[in-house]
Structure formats: structure tokens, C-alpha cells
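Here is a short report on charged pairs and nonpolar packing, written to be read with the structure open beside you.

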Amino acid sequence: MKLSSIVVTLILTVGVPYYIYTPLPAAIEDHLKLMLLDALFRAMLQVGDLCQCLGLSHHITVIRGSTLGLGSPGEMAGGQGGGMRVSDVDFDRVPVRVYEPPAVGGGDGGLRRAVMFYHGGGWALGTTKMGSYDVLCRQMSDELNAVVVSVEYRLAPEVHFPVQYEDCLAAAKHFLEPGILGKLSVDPQRVAVSGDSAGGNLAAAVAQQISVDDSVSVKFSVQALIYPVLQGLDLNTPSYQQNHNMPMLHRSMMARFWLLYLGVDTSLHPLLLSPSFLHHPSIPPSLRSHLNWTTLLPAKHIKHYKPVGMEMGSQEVTGQEGDLLSGLLDVRAAPLMAEQGVLGRTPRAYIVTCEYDVLRDDGLMYSRRLQDAGVAVSSHHYDDGFHGALSFAHWPFFFDVGERMIRGYMDWLQENL
């Protein structure tokens with residue numbers, strides 16, 4: 001055996017396990033499966049970065065192509081399958097996939113409930129038509145006897161904030177028109193807005209706007225947010241500190257998604273990870289209090305973590321830094337920053353959080369702020385959960401926590417919608 005072959009074999013034998021291995025808490029099931037998934041996604045990110053550095057393609061385009069095969073394949077729209085009608089149409093020029101159950105039944109006058117769903121993916125990845133989202137929406141439509149509308153909003157880097165939000169809001173307003181609800185046999189008193197991760201962000205922001213828009217006569221009756229991202233000013237909350245390298249969403253990765261969404265230069269990545277913006281004197285204390293986790297989080301989630309602070313002084317923020325700060329303070333991008341008067345008008349909420357997720361504290365703080373504003377909140381926390389678990393409930397992954405998460409989500413909608 002040649003020396004070069006021995007060296008290559010040795011590198012692969014040692015290097016591959018080293019690359020895959022990530023220390024995981026004992027509470028998380030199927031360590032090896034999750035480590036393999038995380039290693040695969042990290043590899044996609046690195047290949048994407050390499051392609052972008054070489055001028056071959058944007059790294060997001062590479063990741064999109066690489067992730068198309070992950071998860072359960074969705075079914076094509078058109079016609080009826082198993083009695084369910086699935087169609088791809090436009091709502092006010094925004095593509096949506098509409099799932100209609102096979103028969104009108106249940107509800108007053110034969111009307112059905114409905115769910116408007118926004119998929120996750122860091123405002124840059126994901127689609128309504130493939131994988132776990134298609135499976136989830138079919139399951140919702142079937143089990144709840146509900147019309148489900150899954151929104152194909154435009155993605156970064158082709159577009160930036162507020163386009164994703166505007167697409168989702170336009171689709172929501174169109175769907176909530178009495179004529180459209182009537183055509184789909186939907187009870188206007190039983191319409192939910194929901195989403196996971198970045199989709200949870202969009203769902204919360206749209207719910208806020210619809211609740212205060214007097215031109216919209218039909219309002220959402222519930223909001224169901226699954227490990228939502230709700231702010232980007234403080235990426236040093238206890239959950240960000242605790243889970244900074246936890247699959248499937250690393251702290252550094254979340255910062256990259258924020259920069260991509262807001263359309264600012266990636267050179268600001270270190271600044272976004274620092275606590276500087278949170279303590280800039282241009283931010284009023286009243287706004288800073290909206291994400292003061294020392295008062296908003298339960299002690300069991302604060303643990304031993306301390307606030308990380310650094311005063312920026314009185315220097316003026318301009319250019320790209322100013323654009324970043326402006327975006328992070330905009331309630332359309334960061335629903336946690338909304339005033340109590342707005343929060344108090346939003347519908348009752350179901351919020352899912354996971355212990356091993358950088359976004360855990362976003363959801364917990366939002367739950368507290370909604371409750372303080374008088375909104376009824378059902379907060380469902382998974383002590384063994386990790387980010388993205390809902391998408392890994394089906395073939396070929398079968399994570400039990402994902403299956404339990406879907407079951408809890410369905411049961412709550414069944415009872416409250």
C-alpha cells in the first residue's frame with residue numbers, strides 16, 4: 001500500500017469523525033443522527049461559501065440546490081389526491097399553495113376553519129412545495145378539516161426586507177377578504193396565522209399589522225408560532241450563549257441570516273454578534289426594555305448567564321451600520337419590539353420553544369410580553385427540543401420530539417381554532 005494511500009485513509013479515518021462530532025446534551029435523542037444532519041448542513045454552507053468566493057454562485061443558491069432532496073418529497077399540486085384538493089394560485093400576485101379538505105363539514109353552517117402558514121428558512125431558504133412543509137400542511141388540512149394556505153413569499157438574496165413581510169401581508173389581506181373566505185367555505189371567526197422559525201417571525205409581524213389595520217374587517221383568531229425568531233438586537237441572551245453551537249441553528253448562522261434578510265454587508269457580522277447595538281444611546285430605554293431578558297425570562301432559563309454589555313458611547317451610527325440598526329428596531333422585522341398597545345390587540349397565541357435552540361428566549365420573552373398585554377398565551381416548551389425539530393418528524397428522520405411537537409400543535413389548533 002502506497003504511503004499516499006495510507007495518509008489519505010488516516011486523514012479520512014480521523015478527520016471525518018472529528019468533523020461530524022458535536023457534543024450534545026444527554027436529553028437530546030439520536031445523537032448520531034442529529035450530528036450527521038448538522039455536519040451535512042455545515043458542509044453545504046462551506047461549499048456554498050467556497051462557490052461564492054470563486055465567483056461561481058451565491059452561497060444561498062448552492063444551499064438551496066443541496067437541500068432540495070432533504071426531507072419527505074412533496075406531492076404535485078393539481079386535482080385531488082385522496083379527496084384533498086391542492087392547487088397553486090396567486091393571492092394578490094403572491095404565489096400560494098391552497099389545501100382544501102375533501103368535504104365541507106363541521107363548524108357553523110358547514111363552514112371550515114383555516115390556517116395561513118409561512119415556512120421557515122432564514123427568509124432565504126425553504127419552499128411550500130417540497131419536503132416537510134407540504135406534508136405538514138396536508139396533515140393540517142386533513143386532521144383539522146381546514147383550508148390551509150401556504151405562502152411562497154420571495155426570498156433573499158433576490159429580495160430583502162421588507163419584501164418578504166410585504167408578500168406575506170398581501171397574501172393575508174387577500175385571504176381575509178370576505179369574498180375569498182366565502183368562496184373557500186371558511187368561517188371568518190376561525191382563521192389562524194402560523195409559521196416556524198423565520199416563518200414564525202413573519203406570522204407574528206403579520207398578526208400585529210392585521211390586528212391594528214381597521215381596513216381589514218376579518219381578523220386572525222389565533223396565532224401559532226413555532227420556535228419563532230423575533231429580534232436580532234441581542235444575540236447574547238441565555239439561549240444564544242447556551243446553544244451557540246447547537247444543531248440545527250448556530251448563533252453565527254442566525255447572524256448571517258439577519259444580515260441577508262436586512263440586505264446589509266456581511267462585514268457587519270462581528271458587530272451583530274457583539275452587544276454594541278443593544279446599548280447604543282440612540283435606542284430609548286423603553287425599547288431596550290422590550291427585550292430585557294433579566295426581567296422577562298423565568299429564572300430556570302436565565303440559569304447562570306449574565307447580560308453582556310458594552311457602551312458604544314455617543315458616536316453616530318451611519319451607512320450600513322445605520323441600516324442594520326434601523327432594521328433591527330423595525331417591528332415588521334422584529335415583532336418583539338412592538339409596543340404593548342399593539343401586542344394587546346393581537347389574537348390568542350400558541351408559542352413553541354425548544355431548550356436547545358438559540359431562539360428559545362425570543363419565544364419565551366414574546367410569551368411574557370403578550371401575557372403582560374392581556375393576550376391569552378399557551379406556551380409549550382420542549383426540554384429535549386432543538387431548532388428545526390418539527391421538520392424532522394417524518395421520513396427519513398423520525399425524531400420523536402418532532403412527532404410530539406406536531407401532535408401538540410395539531411391538538412392545540414383542534415381545540416382553539
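## Arg404 and its partner

Arg404 is partly exposed, with a relative accessible area of 33%. In this predicted model, Arg404 forms a salt bridge with Asp384, and the closest N and O atoms are 2.4 Å apart. Asp384 belongs to strand S9 (residues 377-386) and Arg404 to helix H17 (residues 400-416), so the pair ties together parts that are 20 residues apart in sequence.

Is Asp384 buried or exposed? Asp384 is buried, at 18% relative accessible area, because the limit for buried is under 20%.

Another salt bridge joins the side chains of Asp214 and Arg345, at 3.6 Å from N to O. This pair connects distant parts of the chain, 131 residues apart. Asp214 sits in the loop between helix H7 (198-212) and strand S7 (222-226), while Arg345 sits in the loop between helix H15 (340-343) and strand S8 (348-356).

If you look at the accessibility of the two partners, Asp214 counts as exposed, with a relative accessibility of 69%. Arg345 is partly exposed, and its relative accessible area is 48%.

## Sequence neighbours and a network

Side chains of opposite charge can pair when their charged atoms come close. Take Arg93 and Asp92: their side chains meet in a salt bridge, with 3.5 Å between N and O. Arg93 is exposed, at 71% relative accessible area, whereas Asp92 is partly exposed, at 35%.

Which residues are linked in a network of salt bridges? Asp88, Arg97, Asp134 and Arg138 are. To put these charged groups in context, a search of the whole structure finds 22 salt bridges.

## The nonpolar core

Now for the nonpolar side of the picture. The largest nonpolar core has 142 residues. Those with the most contacts inside this core are Met116, Tyr118, Met140, Phe175, Trp258, Met405 and Leu413. Helix H9 (residues 251-262) supplies the largest share of the core, namely nine residues.

Which residues does Met140 touch, not counting residues up to four places away in sequence? The list is Val115, Phe117, Asn145, Ala146, Val148, Tyr409, Met410 and Leu413.

Definitions and conventions
Residues numbered from 1 in each chain as written. Predicted model: local features only at pLDDT ≥ 70, side-chain atom pairs only at ≥ 80, totals over all residues. Heavy atoms only, no water. Salt bridge = Lys/Arg side-chain N within 4 Å of Asp/Glu carboxyl O. Buried < 20%, exposed > 50% of the residue type's maximum accessible area, 1.4 Å probe, protein only. Helix = DSSP H or I, 4+ residues; strand = E, 2+ residues; numbered from the N terminus. Core = buried A, V, L, I, M, F, W, Y, C linked by side-chain atoms within 4.5 Å. Contact = heavy atoms within 4.5 Å.
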